[in-house]
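Dear colleague,

Please find below the structure that I promised to pass on to you.

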Amino acid sequence: MAAAGQVVVGVSGSLAGLAALRTAARAARSSGRVLVAVLAWEPPEGEVLHARNPDSAWAARCAREAAARLDRAFEEAFGGTPSEVTVVRRVVRARPGRALRRATARDFAAG
């Protein structure tokens, strides 16, 4: 998905997700846009159950694990961060669709 100055891609670490990441990087490189890689996460038990018994240390651990998954996706897809394109990595606590909509809306609002 391309917004005004960026190419936004959802990252999951799946084979299809790695292919999407590679495709988005090619699109960003060829258009001179920024590649925004978004990995969305939620508590395994869901937000409603987590809200009943919030644990900030546990949530921080989940966020670190999500960031590590995003890093692994770049390692698997490219062997690291591609140097020929500007990359922004975002780890977002939200459902994937919502996280991607926010990422694209943020760029539209800025441009």
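At 36% relative accessibility, Arg29 counts as partly exposed, because partly exposed covers what lies between buried, under 20% relative accessible area, and exposed, over 50% (1.4 Å probe, protein chains only). Please keep in mind that this is a predicted model, in which local features need pLDDT of at least 70 and side-chain atom pairs count only at pLDDT 80 or more, while totals for chains, interfaces and linings use all residues. Residues are numbered from 1 along each chain as its sequence is written, and side-chain values use heavy atoms, with hydrogens and water left out.

Arg29 forms a salt bridge with Glu84, with the closest N and O atoms 2.8 Å apart; a salt bridge is a side-chain nitrogen of Lys or Arg within 4 Å of a carboxyl oxygen of Asp or Glu. Since Arg29 lies in helix H1 and Glu84 in the loop between H3 and strand S4 (87–93), the pair ties together parts that are 55 residues apart in sequence. Helices (H or I, at least four residues) and strands (E, at least two) are DSSP runs, numbered from the N terminus. Glu84, at 45% relative accessibility, counts as partly exposed.

A search of the whole structure finds four salt bridges, and another of them joins Arg89 to Asp71, the closest N and O atoms being 2.5 Å apart. This pair links strand S4, which holds Arg89, with helix H3, which holds Asp71, across 18 residues.

H1 and H3 pack at an angle of about 70°, with their axes 10 Å apart; the axes are lines fitted to C-alpha atoms, for helices over the stretch in contact, and angles run from 0 to 180 degrees between N-to-C directions. The two helices, H1 and H3, are therefore roughly perpendicular to each other, a term for angles of 65 to 115 degrees. Their contact (heavy atoms within 4.5 Å) involves residues including Leu18 and Leu21 of H1 and Ala73 and Phe74 of H3.

With kind regards

How values were computed. Parallel < 35°, antiparallel > 145°, perpendicular 65-115°, else oblique.
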